[in-house]
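This report covers strand order, helix packing and model confidence. The structure is shown first.

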Amino acid sequence: MLNRPYVELTGVSKSFVAGHPVLEEVSLTFRRGEIHAILGENGAGKSTLLNILFGMHQPDTGGILLEGRQVIHTSPADAIANRIGMVHQHFKLVPSFTVAENLRLAASPSARKRLVRNADIEKIAKDYGLPVDPKAIVGNLPLSLQQRVEILKALINRAELILFDEPTTILNPSEIEAFYRVLRQIADDGRAVVVVTHHLGEVLAHAEHASVIRRGKLISSAPVADRNRGDFVREMVGKSVDLDMPLKSDYVANGATVIALKGVSVAPTQSSSGLNNASLTLHAGEVVGVAGVEGNGQRELFELLAGLRQPESGTVEAQSRHPNGRAIAGLVPEDRHHEGLVLDLPVSVNLLLNRIGQEPYSRHGRLVHGEIARKAEEMRVACDVRARSVSVTPRTLSGGNQQKIVLARALNEDAPTVIVYQPTRGLDVAASEEVLKRLRQAANGGKAVLIISSNLDEILRVSDRIVVLYAGQTVGKVTSDTPREIIGDLMTGGGKQGSVNA
Amino acid sequence: MTPISPGQSDNAASAGGSMADLMKRITGSNAFLVLMSFAVSMIIGLFILASLGVEPVEALRVMIKGAFGSRMAIGDTLAFMTPRLLAALAALIAIRCGFYNLGAEGQLQLGAIGAVLPATLLPPELGVLLMPISIVSGALFGAFWGLIPVLLKLWRGANEIIVTLMMNFIGIYLVKYLVQGPLQPHGSDFNMSAKIADGAILPVLVNGTRLHAGVLLALVVAVALWALLYHSTFGIRLRVAGLSPKTARLQGMPLSRLIVSSMLISGGVAGMAGAVEVLGVQYRLIDGFSSSLGFDGLAIALLGSLEPLGAVIVAIYFGAISSGTVALQSTLSIPAALALIMTGLPIIFLACIHGYRFLKGRPLWSSTL
């Protein structure tokens, strides 16, 4: 019974602009009891595929078979009636409503009858292995719990096929493990699960079946057991990328100290542990990775180094400072849409944002447009930002190209230090690789690079030294040779070694 | 050109240049949407006229003639435009910096007070010197009124939308008090100040119309603000602060200073709007002189996509509707309140369009360097 196809896509094609197909003749089979991963780079067409299954788009050709019977989904309501649920990348929840209200809102009339009392909801949630407090306001819940509410929405409507669009980008490593345990349970109960992602590690560890889509075409669809990481990367990217090649130099810590944090503390908040007597030094020519589960003081560390806040105790010593006292550093913030870029001003302005008031880009308070365009174009070519020209706005560019702009600006800063926070979040394999390579180049060129990230893989790949941040403390001194398990242990508070100067 | 280039495929799609793409870009542009809202408003306005039993084509002819048909008509249109354009420029310069100044009306009231004080109290022997003194004084009063909400926001976190809106009423009642008290000439029963000195009067540009030299001031300010926004270091910083304050902060831009400066300019320009209305049209401070010029200005700024040039064009439309409906009233006895409908409808349409675009995650306005 498990081997019979549950939902099939047959020769589905879709294009939004004539002549530019997003999907071409894609046929896929989803089975009960199986976690089916759909892999692909950004813009490969993965999300469109899910949207077609969920009735948000209609295919131009081809169709959907449900247990061998042709179905047409003209809206999500049709898909839900056919027992298909979807957990979107950006949640469809009412933040000011409670969990219970959100569930009742989404439930079909028959399902709503079971949700009258909060105690019923609590019990149903627990039975599914997804305990939540029905009285909690959704907007106050962490993202991992909001996602749980989204999954419950699908389950309550008796979904037999659940679609997940990039579900793990918002989760930290331990939450990802827990998330896949839930998926396993859902699949073992006889449902079909489809996960769109570009994180290979998860697929190799948890999925039974994986399909790769590149530029709208189905490249492969096969059981995961027969394949390895290299196969998938080649299929996704269209060429081989050596993900195991370390991006390291023959590092000797003899550069000058450019930044030294000594015993700094910042008071904890609701969502973060703050910093607690943390110490860190950074030398020219090295890449230092700060590993840790999000919420353990990363935000505070970044803001301290960016000069946005002062420590409540301890000192921040920096080699070079602005006249106004803040340390000079090239900055790549976590949220590139709101902190890194002005999405609606041209690429040229974004590239030169930190220098726009300086000669030769501005003279006597007047902008020198020619000089700005010339320098920006030079930077655009050097950093390989794929934009038609520097006068387009970053809003029209892909995430990878947007991040290249932020990074190019940070590296162009007259500073010995570059501080990057979650540098590859939301980027695909090829774009992430370019960002990491450029950071390594900057270090080889004499800059001190600090990477604050909850993605242990990238930290392990490029860092000369690794510092683990846990509960606002810098714990343990590890190198990239330290086994992952030990670092993972430190990240979750396992290795109580106390605060160590790193 | 490796196969992995999402940005490249974007370009291919938009540079493809097929007819459908071109149409899509035109219909998606701000200017097109604004034009459509005006066109649809005109059509609805004519339907309303038809329902009142007036021949719509005839009404349209009378309106256009009343707005642009003669030297005098054009003069009136521009005279109606002048204070509204200044108020619009005031609103847009603050909003472009991310500070929602809804207080142009109040700043304009203070500007009128600021203009009347030197124009009535200083010795008339100063002659034509009184005119620039009065305008500058009006601008300073307006700027002072604009500074209060910005300081309250920076020091105490007070919401500027509420503070600027409420301060409009303080300004209006301040004028009411002054013209019934300190500024009311002895023995007068009218709620107005004394007449301003002849030297302070903005000269009439076209005889027989109310068109005064203030229109030149308004156009100069429009060009100046355009140059400021697009060709100065201050302007680009102001736009960065407005579009993405967090980015501005991270790049070390002086956010508070930018907001204070933009509000001083905003309040000053709104003050000028009040000053030219007193010095060019009313010649006195009169209770209720403004008839919500400041709010018209806000509407014009938004309809003009927060661009100085857009504000000029939309302000001309507002001026034309005002003078055109006056002609309608005098020749066809149609209530001048029609002007409210004709200026209100495009705002409603545009609000709907912008609301829709906002929900779709598009920017409220787009601009280029």
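In this predicted model, chain A has an average pLDDT of 86, and 93% of its residues score at least 70. Over residues 496-502 of chain A, pLDDT stays under 50, and the model has 17 contacts beyond four places in sequence for this stretch. Where pLDDT is low, the predicted coordinates should not be read in detail.

Six strands of chain A form an open sheet with mixed pairing, in the order β15-β18-β19-β13-β20-β21. Its edges are β15 (330-332) and β21 (473-478) of chain A; each has a single partner strand, so one side of each lacks a neighbour in the sheet. Direction ignored, neighbouring strands of this sheet are turned by 20° against each other on average.

An open sheet of three strands, with antiparallel pairing, has the order β12-β11-β14 in chain A. Here β12 (275-283) and β14 (313-318) of chain A stand at the edges with a single partner strand each, so one side of each is without a neighbour in the sheet. From one strand to the next the twist averages 10°.

Helix α10 (residues 298-306) of chain A lies across β13 (287-291), β15, β18 (417-421), β19 (448-453) and β20 of chain A, at about 155° to β18(A). α10(A) also lies across β11, β12 and β14 of chain A, running at about 130° to β11(A). Helix α14 (residues 399-412) of chain A lies across β15 and β18 of chain A, and runs at about 160° to β15(A).

Notes: Residues are numbered from 1 along each chain as its sequence is written. Chains are lettered from A and ligands numbered from 1 in the order in which they are written. This is a predicted model: local features need pLDDT of at least 70, side-chain atom pairs count only at pLDDT 80 or more; totals for chains, interfaces and linings use all residues. Side-chain values use heavy atoms; hydrogens and water are left out. Two strands pair if DSSP finds at least two bridges between them. Helices (H or I, at least four residues) and strands (E, at least two) are DSSP runs, numbered from the N terminus. Axes are lines fitted to C-alpha atoms, for helices over the stretch in contact, and angles run from 0 to 180 degrees between N-to-C directions. Contact means heavy atoms within 4.5 Å. pLDDT is the predictor's confidence in each residue, from 0 to 100.
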